[in-house]
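Please keep the sequence and the structure at hand while reading.

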Amino acid sequence: MNHDVDVVVVGAGFAGLTVARELGWMGARVAVLEGRDRIGGRTWTDTRMGEQLEMGGGWIHWMQGHVWSEVTRYKLPVAETPWPDTAHWLVGGDRRSGSAAELLERMNDGMRRSIEDCMEVFNRPYEPTAGDGWRDLDRLSVTDRLAELDLDDEAYALCDAMWSQNFNAPAATGALTQALRWGAVSNGDWQLLLDICSHWRFRDGTVSLANAIKADVTGDIQLGVHVARIDERPDGVVVTTADGREISARACVVTAPIGVLGSIEFTSALPREAQQVAADGQSSQGFKLWVRARGVDGPFIAMAPSDEPLALIQWEHAFGDGGDFTAFSFGTDARKFPVTDLETVNQYVGRLVPGIEVTDFASHDWVGDPYARQTWAMLRPNQLEGVQALATMPGRVTFAGADYAHGWCSFIDGAIESAMRAARTLRERVLYGADRY
Ligand SMILES: Cc1cc2nc3c(=O)[nH]c(=O)nc-3n(C[C@H](O)[C@H](O)[C@H](O)COP(=O)(O)OP(=O)(O)OC[C@H]3O[C@@H](n4cnc5c(N)ncnc54)[C@H](O)[C@@H]3O)c2cc1C
């Protein structure tokens, strides 16, 4: 087979951009095919409500070494989301208030014990299936674990809120092993995990990193090109686009999220467990919501359990001098609690924060988005083996992406980590290795 390029990369999110850059630096000819009309994937720095906002992923941390090395490489400035002073939380529909420190204290015991065994079960977080300890636990949900802890109503409601917020889905649908993996990469410290998830961000948006990596991609990045079929043959891969164009290559890297794997036809069968994961989808099904509001003085946080429209809302920064501010929020069910109009958003937010008045809002429906169908990937029970089977597939078709990462799976960091691994694998397997084919 003649090869148009050495490697076709499907998707120009952080995994696709990074693998394209790395392969280019190794001397490979690369073509990146991206379905959307922009790069960045599930990160999207957009102008909404008169300012730049992250509609998707945004926070990063130096505990996430892969993304932080990119911060260093490109000298990108970072900025802080402030830690809140005051807090409100719902227990059985009733609102309680206190300081943010009190909020953490009330959930501390439950959160700590919910991941107490994480370092034992995943003592090598970057080799998630290395031991056997996870196998018996993988059938359990996070709620199963919380039920074992004998928590009082308040602690249970708060732990349910925190884990549902982490999963962007009701904790009952999320795998305990997923929670333990996040715990393990945070050295078993749930408060460090919280800091990693919502403290530091790119001052100039995730787009600043996406553009920096893009500038180092030597190959072609084609936008608005939907990949419909990936045909793996003994001597190469033929990628067919939705408009019938065929591109041949020695290998292909697929970075599409789990939620849309089913929309691509693979001629070589995916591992059986992986097919099941693609058919069922992972658990995240919620939304991120930005609000412009007034009526609250200074940084606050509010949390609610998974049967409420919003799991969390937090003050981000003042907007102008008139007492307006911008806050971010997450809900765990985009279909049950749609964010369609200002009145509805005010109802959701008003349940949590006394005195608040929302004057504008912005959100993106990732669950309805044909290139995502999910937010950040959080596995359901019994899916770890299937996803790892995809991450380590032999042959000319390789998977990379946050959804298939070993360490910080579901984060920007994981997208970059998996891309570094995929590039190295292809270098050995199809480009320059002794046993290349
Ligand atoms: C609301 C939200 C908040 C988040 N918050 C954070 C956070 O604060 N910190 C953090 O680290 N992470 C966060 N994440 C997760 C993080 O953004 C993602 O895990 C990461 O960006 C995924 O990168 P990726 O390259 O693996 O996948 P993607 O970014 O999804 O890239 C895959 C690309 O493939 C393209 N594609 C898919 N199918 C096809 C096809 N058939 N043909 C052509 N192209 C195709 C898609 O359009 C997409 O551009 C968040 C995500 C969301 C949605």
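The model is predicted. Val227, which the "binding site" annotation of an unreviewed UniProt entry covers, has a backbone N or O atom 2.9 Å from a nitrogen atom of the ligand.

**Ligand surroundings**

- The shell around the ligand is made of 20 nonpolar, 14 polar and 4 charged residues.
- Of the 38 residues around the ligand, the nearest are Glu34, Arg42, Trp59, Ala402 and Ile412.
- At least two shell residues come from helix H1 (14–25), and at least two from helix H14 (412–431).
- A polar backbone atom of Phe14 is 3.2 Å from an oxygen atom of the ligand.
- For Gly58, a backbone N or O atom is 3.2 Å from an oxygen atom of the ligand.

**Val227**

- Val227 belongs to strand E11, which runs over residues 227–233.
- Is Val227 buried or exposed? Val227 has a relative accessible area of 5%, so it counts as buried, the limit for that class being under 20%.
- Leaving out residues up to four places away in sequence, Val227 touches Val10, Leu33, Val239, Thr240, Thr241 and Ile264.

**Positive phi angles**

- Most residues other than glycine have a negative phi.
- Asn168 is not a glycine, yet has a positive phi of about 55°.
- Where does Asn168 lie? Asn168 is in the loop between helix H7 (153–167) and helix H8 (176–185).
- Asn168 is buried because its relative accessible area is 1%.
- Arg373 also has a positive phi, near 60°, and is a residue other than glycine.
- The loop that holds Arg373 runs between strand E19 (357–363) and helix H13 (384–391).
- Arg373 has a relative accessible area of 43% and therefore counts as partly exposed.

**Arg145**

- Arg145 sits in helix H6, residues 142–148.
- With a relative accessible area of 8%, Arg145 is buried.
- Which side chain makes a polar contact with the side chain of Arg145? That partner is the side chain of Asp117, at 3.0 Å.
- Neighbours within four places in sequence aside, Arg145 is in contact with Asp117 and also with Arg113, Ser114, Leu137, Leu176 and Leu180.

**Arg351**

- Helix H12 (residues 342–352) contains Arg351.
- The relative accessibility of Arg351 is 38%, so Arg351 counts as partly exposed.
- Not counting residues up to four places away in sequence, Arg351 touches Leu90, Gly93, Arg95, Glu308 and Pro309.
- Between Arg351 and Asp413, 62 residues apart along the chain, the C-alpha atoms are separated by 34 Å.

Conventions: Residues numbered from 1 in each chain as written. Predicted model: local features only at pLDDT ≥ 70, side-chain atom pairs only at ≥ 80, totals over all residues. Heavy atoms only, no water. UniProt positions renumbered as here; feature names shortened; annotations may be inferred. Helix = DSSP H or I, 4+ residues; strand = E, 2+ residues; numbered from the N terminus. Buried < 20%, exposed > 50% of the residue type's maximum accessible area, 1.4 Å probe, protein only. Contact = heavy atoms within 4.5 Å. Near = heavy atom within 4 Å. Polar contact = N/O pair within 3.5 Å; in protein donor to acceptor, adjacent residues only side chain to side chain. Nonpolar A, V, L, I, M, F, W, Y, C, P; charged D, E, K, R; others polar.
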